[in-house]
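Dear colleague,

I am handing over the structure we spoke about, together with some notes on what was found in it. Please have it open while you read, as the notes follow it residue by residue.

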Amino acid sequence: MSSRREFDTLRRGMSTSPFALTAVEREQLVKNHLALVRTIAANVQKKFNLPVPLDDLISDGHTGLMEAVNRFNPAEAASFSTFAGYRIRGAIIDALRRSTLLPRSVYRKLCEARTANEYLQSVADEPVTPESRTLAARAERVEGAIADIATVVML
């Protein structure tokens, strides 16, 4: 059964308070959305190429799921899955930020440097042609790479 239908059923006879869910209803929501936590945690790990164990991300996601269950208002138009998805992803990202000892600005610069390094590595791995062996071609290639890195950093 879809979560929207679950909440339509739950909504009947309930007040519009965000804390109107009973303990049994909350427990059912948690059980029904554990797979959502795992899916979001795996997507975050893949998207950001994190060396963090998936189980740690799932644990942080459970915190977000519990927050979503506690804050969800069945009278609102959004489905619980949508509402919880944002909370789960946010909890995972917040935990990742707290786990680093670096300030955000330094961490951002490190990410930019990593992106630039990966780009330069891909440029260096390009096959060498006889035309690209000249000094002018090398200079043009370096200038292009620098311009591309500046664009990546700006974005």
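The notes below take the helix pairs in turn and then the pocket.

Please keep in mind throughout that this is a predicted model, and that the values I quote were computed from it.

Two packed helices are described by the angle between their axes and the distance between the axes, and I have used that description for each pair.

I begin with helix α4, which spans residues 54-71, and helix α5, which spans residues 80-99; they pack at an angle of about 135°, with their axes 7 Å apart. That angle makes α4 oblique to α5, and their crossing is right-handed. On the α4 side the contact is made by Leu 57, Asp 60, Gly 61, Gly 64, Leu 65, Glu 67, Ala 68, Val 69 and Arg 71, while α5 contributes Phe 80, Phe 83, Ala 84, Arg 87, Ile 88, Ala 91, Ile 92, Ala 95 and Leu 96. Sorted by class, the residues of this contact between α4 and α5 are 12 nonpolar, 2 polar and 4 charged.

Helix α5 also meets helix α3, which covers residues 34-48; the axes of α3 and α5 come within 10 Å and cross at roughly 45°. The two helices α3 and α5 are therefore oblique to each other, and they cross in a right-handed sense. Here Leu 36, Val 37, Ile 40, Ala 41, Val 44, Lys 47 and Phe 48 of α3 meet Ser 81, Ala 84, Gly 85, Ile 88, Arg 89, Ile 92 and Leu 96 of α5, and the residues of the contact divide into 10 nonpolar, 2 polar and 2 charged.

The remaining pair in these notes is α3 with α4, which pack at an angle of about 130° with their axes 9 Å apart. This makes α3 oblique to α4, and α3 passes α4 in a right-handed crossing. The residues that meet are Leu 34, Val 37, Arg 38, Ala 41, Ala 42 and Gln 45 in α3 and Leu 54, Leu 57, Ile 58, Gly 61, His 62 and Leu 65 in α4, and by class this contact holds 8 nonpolar residues, 3 polar and 1 charged.

Turning to the pocket, which residues lie nearest the centre of the largest pocket? They are Phe 48, Leu 50, Arg 97, Tyr 107 and Cys 111, out of the 20 residues that line it. The largest pocket has a volume of about 780 Å³, and its lining is made up of 11 nonpolar, 4 polar and 5 charged residues. Helices α5 and α6 (104-124) each supply at least two residues of that lining, and the largest share, 8 residues, comes from α6.

With best wishes

Terms used:
Residues numbered from 1 in each chain as written. Predicted model: local features only at pLDDT ≥ 70, side-chain atom pairs only at ≥ 80, totals over all residues. Heavy atoms only, no water. Axes fitted to C-alpha atoms, helices over the stretch in contact; angles between N-to-C directions. Helix = DSSP H or I, 4+ residues; strand = E, 2+ residues; numbered from the N terminus. Parallel < 35°, antiparallel > 145°, perpendicular 65-115°, else oblique. Left-handed = near helix turned anticlockwise from the far one by under 90°. Contact = heavy atoms within 4.5 Å. Nonpolar A, V, L, I, M, F, W, Y, C, P; charged D, E, K, R; others polar. 1 Å grid on protein atoms, 1.4 Å probe; cavity = no way out; pocket = protein on both sides within 12 Å on 5 of 7 lines; lining within 4 Å. Points joined across faces, edges and corners; volume = space filled by probe spheres on them.
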